[in-house]
Amino acid sequence: MKRVRLGTGAGYSGDRIEPAVELAEAGDIRYLVFECLAERTIALAQQAKRRDPAAGFDPLLADRMAAVLPACRRNGITIITNMGAANPHAAGAAVAAVARSLGLGPLRIAIVTGDDVAEIIRARQDLIIEETGAPVASLGDSLVSANAYLGAEPIVRALKGGADVVITGRVADPSLFLAPLVHEFGWAADDWALMGKGTLVGHLMECAGQVSGGYFADPGYKDVPNLARLGFPIAEVAADGAALITKVAGSGGLITGATCREQLLYEVHDPARYLTPDVAADFSGVTITEAGPDQVRVDGGGGGARPGSLKVSLGYGDGYIGEGQISYAGPGALARARLARDIVAERLRIIGLPLREARFDLIGVDAIHGPELSAAAAEPYEVRLRVAGRTHARKDAERIGNEVEGLYTNGPAGGGGATKTAKEVIAVQSTLIPRDLVSPQVHMMEVRP
Amino acid sequence: MKLRDLAHSRTGDKGNTSNISVIAYRLEDYARLEAAVTVERVRRHLGALVQGEVVRYALPGLGALNFVLTRTLGGGVTRSLALDAHGKCLSSAILDLEIEASA
């Protein structure tokens with residue numbers, strides 16, 4: 001039976017670069033997939049594009065391509081990535097420039113667009129925001145971007161057109177992996193069982209190192225070797241959709257039933273209904289079997305008909321967050337940090353800061369899980385006060401950090417290491433859009449030899 | 001004993017909703033997890049951290065439970081004021097649950 005080997009080159013925008021090079025050189029793979037677009041990243045990229053029409057794609061794109069293109073060209077590996085973010089055309093031009101500078105032509109680059117649905121959303125203000133139940137109109141002028149999650153179809157089209165590199169904007173993460181399987185095996189787009197199996201592979205692979213021992217180690221309970229040289233995963237997929245998850249021999253990390261089970265449920269709600277643009281995937285009957293060291297067999301994914309609508313991420317301006325931090329250490333650290341916290345809370349009232357929401361954390365004590373779970377813990381040697389607040393205006397956000405910094409000369413004894421930040425918030429909510437309003441397009445670019 | 005002795009866990013986030021898996025190291029311990037790690041138990045343990053619903057999905061074939069917690073992430077990673085805006089550390093809170101030592 002025909003098999004295809006896919007590798008994951010990145011699981012997020014800032015991911016390590018060497019593991020992708022290792023896969024391109026020694027992974028014996030046919031496709032290398034880079035998933036670099038988180039929920040909010042595309043809204044930030046849209047803003048960057050508005051300031052500079054040549055910007056708005058992944059900042060590490062050129063570095064990643066320069067690192068992997070030579071080995072990919074040598075070994076006949078096709079690259080698929082959503083690093084196009086808000087500007088796939090400019091990203092394509094950047095890849096072409098890298099290829100030219102390295103003398104790596106001929107190269108065929110496919111650009112997938114059509115995910116930017118801002119104009120459609122502006123014309124359909126009646127669509128309902130999933131999180132609030134309010135119409136899109138409620139966001140008013142604060143809406144900065146609207147991107148629909150595309151499925152595998154336009155990527156399959158690009159691969160059929162002979163693309164060596166496929167660059168997309170917003171595409172559902174597993175679809176980046178499903179597409180080459182559909183292309184290689186000629187799977188029918190309405191064969192829901194196969195779409196479910198391919199989506200299962202994509203879901204396991206999309207976070208790169210998170211299935212091969214990354215984000216897993218818990219010393220004494222779950223030990224993982226050589227995380228500083230973590231190997232990224234390879235999926236060897238058969239024409240019937242069964243897959244073997246593995247990695248390059250000698251790389252760091254670990255692939256076991258446990259690492260695969262953790263990643264299987266990562267960001268999943270109902271395991272029997274994992275919705276993507278391609279399928280309502282069913283992971284409830286998945287089987288995970290260890291076949292050898294760093295070799296795990298995965299099968300049993302299923303699925304039902306794809307949803308009739310596409311999810312859209314709506315990026316909108318949501319004011320500012322101001323933050324300040326300061327540390328206390330040694331005897332009485334906790335009491336001084338608590339005093340500092342109470343002083344800042346009172347100061348924010350005295351200066352009449354128009355706060356929409358505020359939060360006071362003692363890092364090392366209650367910042368992560370709150371005061372209830374941490375109530376019985378022993379007193380720490382050092383504590384860091386963190387004050388964060390939401391405001392409408394930047395200057396108000398800046399005053400939060402200033403009040404924390406002011407503890408140096410106005411607060412308890414021995415405060416040190418004060419820091420302050422103020423940032424604009426682009427928040428994301430989602431809506432659903434009828435599928436037939438979205439028309440994905442594929443454009444081909446050629447780099448001549 | 002702690003849940004950590006029987007199971008491992010990973011947290012994921014989508015918008016303002018968190019999901020926390022609880023996965024038995026040994027398949028034979030799954031029934032204990034299913035009996036001990038209930039929706040009520042998780043809700044009580046996490047207290048004010050969960051503002052919305054708690055739903056549990058069972059995957060006996062994988063020895064796993066999946067908890068879905070709505071309105072838990074301060075509006076979601078894109079706008080939350082929390083230091084751990086993804087809620088990634090929630091898995092560690094769950095593993096601190098006390099479990100009856102005898103089977």
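**View 1. Chain A as a whole matches the globule rule.** With 449 residues, a compact globule would have a radius of gyration near 22 Å, and chain A comes in at 24 Å, which agrees. (That radius is taken over C-alpha atoms, and the rule is 2.2 Å times the number of residues to the power 0.38.) This is a predicted model, so local features need pLDDT of at least 70 and side-chain atom pairs count only at pLDDT 80 or more, while totals for chains, interfaces and linings use all residues. Residues are numbered from 1 along each chain as its sequence is written, and chains are lettered from A and ligands numbered from 1 in the order in which they are written. Along the principal axes, the C-alpha atoms of chain A fill a box of roughly 70 × 55 × 45 Å. Buried residues make up 52% of chain A; "buried" needs 20 or more other C-beta atoms within 10 Å of a residue's own, with C-beta atoms placed from the backbone.

**View 2. Two domains in chain A.** Domain 1 takes in 3–115 + 150–307, and domain 2 covers 316–427. These bounds come from an automatic or database domain assignment.

**View 3. Helix α12 of chain A and its neighbours.** Chain A has 13 helices and 18 strands, which are DSSP runs numbered from the N terminus (helices: H or I, at least four residues; strands: E, at least two). Helix α12 (residues 394–405) has twelve residues and reaches 17 Å from its first C-alpha to its last, close to the 16 Å expected; that expected span is 1.5 Å times one less than the number of residues. Among the buried residues of α12(A) are Ala397(A), Ile400(A) and Val404(A), along with Asp396(A) and Arg399(A). The buried residues of this helix pack against elements including β14 (309–329), α10 (333–350) and β16 (382–391) of chain A.

**View 4. Where chain B meets chain A.** Here 32 residues of chain B are in contact with 40 residues of chain A, contact being C-beta atoms, placed from the backbone, within 7 Å. On chain B's side, β2 (11–14), β3 (17–24), β4 (54–59) and β5 (64–69) each give two or more residues.

**View 5. A hairpin in chain B.** Strands β4(B) and β5(B) run antiparallel, joined by six bridges; pairing takes at least two DSSP bridges. Four residues lie between the strands, and Gly63(B) in the turn has a positive phi of about 65°. Leu59(B) stands opposite Ala64(B) in β5(B).

Methods:
Contact = placed C-beta atoms within 7 Å. Buried ≥ 20, exposed ≤ 12 C-beta atoms within 10 Å, placed from the backbone.
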